[in-house]
Amino acid sequence: MDRIRIGIVLVLSWAVLACSSPRTIKSYDKDGIRFSHYSDWSVTDDAPIKGNPNARAIDLEGPNNALVAFICLPASSRQTLEMFAATVAERRAKVVEDMLSVGPIRPAEMSKGTSAAIRGQVSGQERDGILQNFSINMLGQEVPHEARFFAVSNGRYKVIIMTQVASEHARDAYPAFDLTLDSFSIQNPD
């Protein structure tokens, strides 16, 4: 009887593996910005930033609402990583409130959160970054999140990179974040 159960489990496991599509690596290469990402992630936005035609935002979205955002600024921009992360933290509550509010009903609140210095592998080398932890309280349910910020620049662009994911899905998102951040590069025009 145990052999039959083991056989059934093996057959079902093979069937699941045969039906699931393998995750492959895809490449993004446009206007001097290059990175790799898994095939279950997709670029959902790639456009100039409203009000700033010299800047561009590229959003890469993955499972469980995980996000990698690239903010491409002119190399001469005075925007620092610290300034950008502080602005995101300051505006985050308003953005979430606007997205989730229906008329006067406000179903979500956001904690101010915390910030800490981190290091991470970005564009082939260890870089300093910022980690923000915050929570969104939706209808009494607290959902912790984390955002990581890094910057890479050359003579062409200054790019600020932000990853964001709900903490419960962070472990699953890290391999995708690591692939994308480590493969990121800025190419100078030919």
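Helices (H or I, at least four residues) and strands (E, at least two) are DSSP runs, numbered from the N terminus. This is a predicted model, where local features need pLDDT of at least 70, side-chain atom pairs count only at pLDDT 80 or more, and totals for chains, interfaces and linings use all residues. Residues are numbered from 1 along each chain as its sequence is written, and side-chain values use heavy atoms, with hydrogens and water left out.

Which residues does S153 contact, leaving aside neighbours within four places in sequence? They are K158 and I186. Contact means heavy atoms within 4.5 Å.

**Zoom out: the whole chain**

Colour by secondary structure. The protein chain has three helices and eleven strands. Along the sequence they run α-β-β-β-β-β-α-β-β-β-β-β-α-β.

Now show the surface. The chain exposes about 11800 Å², and carbon and sulfur atoms supply 54% of that. Accessible areas come from the Shrake-Rupley method with a 1.4 Å probe; for residues, only the protein chains shown count as cover. Of the 190 residues, 37% are buried. Buried means under 20% relative accessible area, exposed means over 50%, and partly exposed is in between (1.4 Å probe, protein chains only).

Take the contacts between residues at least 6 apart in sequence: 50% of them join residues at least 24 apart.

**Colour by confidence**

Switch to pLDDT, the predictor's confidence in each residue, from 0 to 100. The chain's mean is 85, and 79% of its residues reach 70 or more. Then select residues 9-19. Here pLDDT stays under 50, and the model has zero contacts beyond four places in sequence for this stretch. Where pLDDT is low, the predicted coordinates should not be read in detail.

**The three-stranded sheet**

Select β1, β2 and β11. These three strands form an open sheet in the order β1-β2-β11, with antiparallel pairing. The edge strands are β1 (25-30) and β11 (185-186), each pairing on one side only. Two strands pair if DSSP finds at least two bridges between them. Strands of a sheet pair through backbone hydrogen bonds, either parallel or antiparallel.

Start with the β1 side. β1 and β2 pair over six bridges, in the antiparallel sense. K30 stands opposite I33 in β2. The two strands form a hairpin with two residues between them. Click D31 in that turn: its phi is positive, about 50°.

Cross to the other side. Strand β2 (residues 33-38) pairs with β11 over two bridges, again antiparallel.

**Inside helix α3: L181**

Select L181, in helix α3. Is L181 buried or exposed? It is buried, because its relative accessible area is 3%. What does L181 touch, not counting residues up to four places away in sequence? The list is V68, Q121, V122, S123, F150, I161 and T163. For another distance, pick M162. L181 and M162 are 19 residues apart in sequence and 9.7 Å apart, C-alpha to C-alpha.

**Two loops with positive phi**

Go to S123, one of the residues that L181 touches. S123 lies in the loop between β7 (114-122) and β8 (125-138). Its phi is near 55°, a positive value in a residue other than glycine. S123 counts as partly exposed, at 22% relative accessibility.

Next, N65, in the loop between β4 (52-61) and β5 (67-74). Phi of N65 is also positive, near 60°, and this residue is not a glycine. N65 is exposed, since its relative accessible area is 73%.

**Last stop: R92**

Select R92 in helix α2 (residues 81-100). R92 is buried, with a relative accessible area of 9%. Show side chains. Those of R92 and Q132 are joined by a polar contact of 2.5 Å. A polar contact is a pair of N or O atoms within 3.5 Å; within protein, one must be able to donate a hydrogen and the other to accept it, and residues adjacent in sequence count only if both atoms are side-chain atoms. Finish with F134: R92 and F134 are 42 residues apart in sequence and 9.7 Å apart, C-alpha to C-alpha.
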